[in-house]
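Have the model open in your viewer and let's walk through it together.

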Amino acid sequence: MSGLVIIGASYAGVHAGLGARGAGYSGPVTIVTDEQSLPYERPPLSKEFLLREVGEQNLVLRDDAFFAREKIDMLLDQRVTKVDLRARQLALQGGARLNFDKLVIATGSRARRIAIPGAELDGVSYLRTVADGINLRARLVRAAEIVIVGGGFVGLEVASSAAKLGKKVTVIEAASRLLERTASPVVSRFLLDAHAQAGVDVRLGETVVAISGSAGQVAVVDLRSGGRLGADLVVVGIGGIANDELASAAGLNCSNGVVVDEHGCTEVPGIYAAGDCANHYNRFAEDWIRLESVQHAQDHGKTAGLAIADSHQPYDSVPRFWSDQYDLKLQIAGLSGRCDQMVTRGSIEEGRFSVFHYRQGRMVGVDSINKPGDQMVARRLIAAGISLTPAQAADDLFDIKASLKAIDRAVVQSRDMPS
Ligand code: FAD
């Protein structure tokens with residue numbers, strides 16, 4: 001049996017399978033994962049799951065019955081150790097082999113490890129899998145003083161959860177502001193204040209240089225500035241690394257992820273990659289990028305699945321991210337890197353605002369705090385390449401929803417065009 005084989009049973013892998021099936025692929029579909037559980041939601045791991053508001057059973061993305069209905073075979077707890085492109089065969093850890101006609105590499109990313117003295121001590125934790133989540137949840141209950149290394153999404157969400165549990169939390173961030181790579185300075189400042197109000201001590205422009213322990217267990221964190229912090233738990237959230245080693249060893253072009261075209265296809269016909277592990281040219285970034293988000297993994301996986309079923313639709317989704325911290329919902333539409341103008345809409349004081357970003361007059365990204373309506377509009381406008389002027393965006397009385405009519409008009413006009 002060969003057919004379509006997908007490595008990785010998370011958002012990208014599952015949506016590749018569903019995309020292919022949905023577009024009429026009738027051959028066998030097999031998804032192989034090295035995890036023991038059925039596909040599950042990762043975002044709650046740093047949020048509701050840590051707070052015990054949801055349990056493991058609530059994380060399940062799709063159950064056995066669903067995959068049976070879709071005629072997708074799930075091979076759990078099976079690590080792929082080698083991809084042989086010439087023989088079109090995978091090697092699994094236990095020695096078994098699996099043939100394929102088409103392959104999707106959806107191996108995701110892993111947490112970057114910290115390389116400092118003491119990194120191996122008990123109590124230095126990472127958060128990527130449900131197993132990590134279970135481990136961290138148990139440690140959080142016992143911990144009194146927690147140091148979080150990294151002021152990105154995962155670090156800040158864990159900080160928020162730990163603060164809600166009444167723990168003493170310190171966040172160490174090397175950059176001069178939080179979420180430096182993804183959010184605007186206004187949002188960074190706002191979140192800094194929110195964490196301070198919750199009692200979290202955020203140290204910017206600071207790094208952890210060593211961790212020392214007592215009886216093999218984390219006890220003290222040493223900072224570059226010379227400061228020392230007591231800690232019985234250290235959570236490291238310093239970004240992700242693409243799991244592209246399998247692809248690279250197979251001879252596929254990899255550069256910060258498996259390099260793919262607009263259909264998720266590598267340079268070898270029939271071999272695809274999608275989601276966190278893939279690097280693609282993104283028209284919204286105007287650059288080659290690797291994205292780590294649920295929306296991207298789902299849409300990118302689907303793109304590959306459609307192409308496999310000969311229903312080619314170039315990947316063109318507006319990048320979207322979200323993060324929940326305390327009672328704040330941060331949502332980001334588009335990519336605001338290299339922007340040269342920003343305007344704010346709404347009220348920062350009331351905690352309901354959006355920051356609109358412009359690159360050479362074009363609206364390229366919108367960050368919102370507790371303003372889902374702005375996100376809905378922004379997403380559609382950015383996708384259609386339509387910009388609000390900065391003055392319109394900043395004017396609370398200007399009805400930005402009305403601007404969506406421009407999209408509807410464009411659709412009607414294109415329908416009326418003689419073909
Ligand atoms: P992954 O989810 O990384 O899945 C890849 C799978 O492949 C894994 O199960 C892996 O074990 C398996 N695999 C790898 N190598 C092999 C092999 N050799 N053999 C077999 N199987 C293999 N995104 C958001 O948009 N919003 C959020 O709020 C958000 N919160 C997050 C919170 C946490 C704690 C984490 C860790 C991530 C969060 N993300 C969030 C990011 C999001 O979860 C990822 O972008 C998404 O999971 C990527 O999906 P993927 O399918 O590409 O890869």
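## A glycine in a loop

Setting aside residues up to four places away in sequence, Gly361 touches Asp340 and Ser387. In this predicted model, Gly361 sits in the loop that links strand S25 (352-359) to strand S26 (362-369). Is Gly361 buried or exposed? Gly361 has a relative accessibility of 52%, and the cut-off for exposed is over 50%, so Gly361 counts as exposed.

Leu388 is 27 residues from Gly361 in sequence, and their C-alpha atoms are 9.5 Å apart in space.

## A tyrosine in strand S25

Tyr358 is part of strand S25. Its relative accessible area is 0%, so Tyr358 is buried. Which residues does Tyr358 touch, leaving out those up to four places away in sequence? The list is Cys339, Asp340, Gln341, Val343, Met363, Val364, Leu388, Thr389, Pro390 and Ala393.

One of these neighbours, Thr389, also has its backbone oxygen 3.4 Å from a polar atom of the Tyr358 side chain. For a view across the model, compare Tyr358 with His15: they are 343 residues apart along the chain, and 32 Å separates their C-alpha atoms.

## The nonpolar cores

The largest nonpolar core has 61 residues, and within it Leu191 and Phe356 touch the most other members. Helix H4 (residues 153-164) gives this core its largest share, six residues.

Not counting residues up to four places away in sequence, Phe356 touches Gln341, Met342, Val343, Arg345, Met363, Gly365, Val366, Asp374, Leu388, Ala393 and Ile400.

Where does Asp374 stand on accessibility, buried or exposed? The value for Asp374 is 6%, and buried means under 20%, so Asp374 counts as buried.

Leaving out residues up to four places away in sequence, Asp374 touches Arg345, Ser354, Phe356, Ser368 and Ile400.

## Around the ligand

Now turn to the ligand. There are 31 residues around the ligand, of which Ser10, Asp34, Glu35, Arg42 and Lys47 come nearest. Sorted by class, this shell holds 13 nonpolar, ten polar and eight charged residues. Helix H1 (11-22) and helix H7 (294-308) each contribute at least two residues to the shell.

What lies close to the oxygen atoms of the ligand? In the side chain of Glu35, an N or O atom is 2.5 Å from a ligand oxygen. Polar backbone atoms take part too: one of Ser293 is 3.0 Å from an oxygen atom of the ligand, and one of Val294 is 2.9 Å from an oxygen atom of the ligand. On its own the ligand has 1000 Å² of accessible area, and the protein covers 94% of that.

## A buried asparagine

Asn282 is found in strand S20 (residues 278-282). With a relative accessibility of 3%, Asn282 counts as buried. The Asn282 side chain makes a polar contact with the side chain of His280, at 3.0 Å.

Which other residues does Asn282 touch, apart from those up to four places away in sequence? They are Asp287, Ile289, Leu291, Tyr315, Pro319 and Leu335.

## Two residues with positive phi

Most residues other than glycine have a negative phi. Arg52 has a positive value, with phi near 60°, and it lies in the loop between strand S2 (29-32) and helix H2 (64-69).

Asp310 also has a positive phi near 60°. Asp310 is placed in the loop between H7 and strand S22 (320-325). Is Asp310 buried or exposed? Asp310 counts as exposed because its relative accessibility is 62%.

Note on methods:
Residues numbered from 1 in each chain as written. Predicted model: local features only at pLDDT ≥ 70, side-chain atom pairs only at ≥ 80, totals over all residues. Heavy atoms only, no water. Core = buried A, V, L, I, M, F, W, Y, C linked by side-chain atoms within 4.5 Å. Buried < 20%, exposed > 50% of the residue type's maximum accessible area, 1.4 Å probe, protein only. Helix = DSSP H or I, 4+ residues; strand = E, 2+ residues; numbered from the N terminus. Contact = heavy atoms within 4.5 Å. Near = heavy atom within 4 Å. Polar contact = N/O pair within 3.5 Å; in protein donor to acceptor, adjacent residues only side chain to side chain. Areas by Shrake-Rupley, 256 points an atom, 1.4 Å probe, with all protein chains shown as cover. Nonpolar A, V, L, I, M, F, W, Y, C, P; charged D, E, K, R; others polar.
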